[in-house]
Amino acid sequence: MEKLKRIKAIGLISGGLDSVLAAKLIMDQGVEVTGIHLITPFSSRSSKGADEETIVQKQAESLGFQYYPLYLGEEYIDLVKNPKWGYGSCMNPCIDCHIFFLQKAAELMKEEKAQFVFTGDVLEQRPMSQKRTMLQMIEKRSGLEGLLLRPLTALRLDPTTPEKMGMVDRTLLLGIAGRSRKIQFDLAARYGIRDFQTPAGGCLLAEPGFSARLKDLFDHDISDVNSVETLKIGRHFRLEPEVKLIVGRNERDNMILAHLAQDADILLETEEGSSPLCILRGVISEKTLDTAAAITRRYSKGRNNPKGVVLARHCDSGEIIRLVPETISESVIEILRIA
Ligand code: SF4
């Protein structure tokens with residue numbers, strides 16, 4: 001018994017139900033669990049409005065394990081841009097992503113002198129990344145061969161080293177498979193687990209609209225964190241191959257865009273107020289500035305005033321230019337619109 005208490009495991013905790021259930025199953029065997037929660041530039045908010053990290057924090061508090069949040073930036077964007085194993089139905093490189101996350105967990109396992117890593121994977125829950133052969137391949141590529149336990153589906157997989165060595169009692173693990181989440185929801189009710197993200201929530205890379213915007217960025221060879229952040233808000237237009245306009249849809253968008261604006265950007269808004277804030281970014285000519293001003297006015301309350309003035313402010317110098325653009329047609333706007 002004393003020996004069991006010293007066993008340590010690292011769990012990949014996503015904020016979803018499966019990973020917290022896996023943590024519960026492992027902790028119930030007397031194993032000390034440390035969670036790692038990876039936050040990517042593509043992590044989204046749940047339908048209840050709580051962000052992933054808040055949910056993971058609540059899960060850790062209620063079950064009683066410590067966890068480390070790990071923020072990923074350019075390194076992860078590069079992976080999304082050039083996935084070795086390709087994309088799912090959108091821009092989601094789930095296989096590469098799983099391997100990458102597990103490599104991070106493996107690093108923490110070594111640092112923490114833990115004996116194994118566990119995840120909330122369920123055989124065949126997802127069409128590609130959770131096929132048996134894929135689970136095996138992902139385990140191998142992550143460098144965790146034999147040391148990766150999937151407690152929810154373990155009985156359908158070969159025994160892992162911690163099971164063979166008696167660190168974990170295999171008979172107390174589960175054999176869930178397939179897409180139905182009924183067993184998981186029943187277990188959540190039994191254990192009183194209420195804080196978790198919906199299965200569909202969590203990753204913007206699985207959303208078609210966001211993916212179209214991201215593809216446009218990558219197609220124009222842009223992949224910095226700031227540009228990715230802008231994709232989460234507003235309306236997006238590509239005015240020229242080198243020029244992009246982002247139009248705020250509401251006060252919140254406007255505030256975030258003001259925060260994301262960079263020195264080389266131009267900020268546009270109408271003189272009369274009640275207007276979106278817009279970022280114009282790229283190699284800007286007089287023509288694109290006029291088009292951007294026309295779009296800015298189109299989305300303002302003064303959209304029907306052909307004499308309405310748009311102010312364009314250079315972020316670096318603070319210089320402000322007054323523009324009275326030609327009215328732009330809806331069909332042209334639709335052509336320029338990204339998603
Ligand atoms: S859905 Fe997103 S976070 Fe999840 S494995 Fe796929 S790419 Fe990674």
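This is a short chat about a predicted model.

Visitor: Which residues touch the most other members of the largest nonpolar core?
Guide: Phe42, Tyr76 and Leu214 do, in a core of 36 residues.

Visitor: Which elements give two or more residues to this core?
Guide: Strands S1 (8–12) and S2 (32–39) do, along with helices H4 (74–81), H5 (94–111), H6 (132–141) and H9 (208–219).

Visitor: And where does the largest share come from?
Guide: From H5, which gives 10 residues.

Visitor: What is Leu214 in contact with, leaving aside neighbours within four places in sequence?
Guide: Phe42, Val80, Met91, Leu205, Val228 and Leu231.

Visitor: New topic. What surrounds the ligand?
Guide: Tyr76, Pro93, Cys94, Cys97, His98, Arg126 and Cys203. H5 provides the largest share of that shell, three residues.

Visitor: How do the residues of the shell divide?
Guide: Five are nonpolar, one is polar and one is charged.

Visitor: Now the backbone. What is phi of Glu124 near?
Guide: Near 60°, a positive value in a residue other than glycine. Most residues other than glycine have a negative phi.

Visitor: Where does Glu124 lie?
Guide: In the loop between strand S4 (116–118) and H6. Glu124 counts as partly exposed because its relative accessibility is 47%.

Visitor: What about phi of Asp221?
Guide: Phi of Asp221 is near 60° too, a positive value. Asp221 sits in the loop between H9 and helix H10 (225–230).

Visitor: Is Asp221 buried or exposed?
Guide: Exposed, because its relative accessible area is 61% and the cut-off is over 50%.

Technical notes:
Residues numbered from 1 in each chain as written. Predicted model: local features only at pLDDT ≥ 70, side-chain atom pairs only at ≥ 80, totals over all residues. Heavy atoms only, no water. Core = buried A, V, L, I, M, F, W, Y, C linked by side-chain atoms within 4.5 Å. Buried < 20%, exposed > 50% of the residue type's maximum accessible area, 1.4 Å probe, protein only. Helix = DSSP H or I, 4+ residues; strand = E, 2+ residues; numbered from the N terminus. Contact = heavy atoms within 4.5 Å. Near = heavy atom within 4 Å. Nonpolar A, V, L, I, M, F, W, Y, C, P; charged D, E, K, R; others polar.
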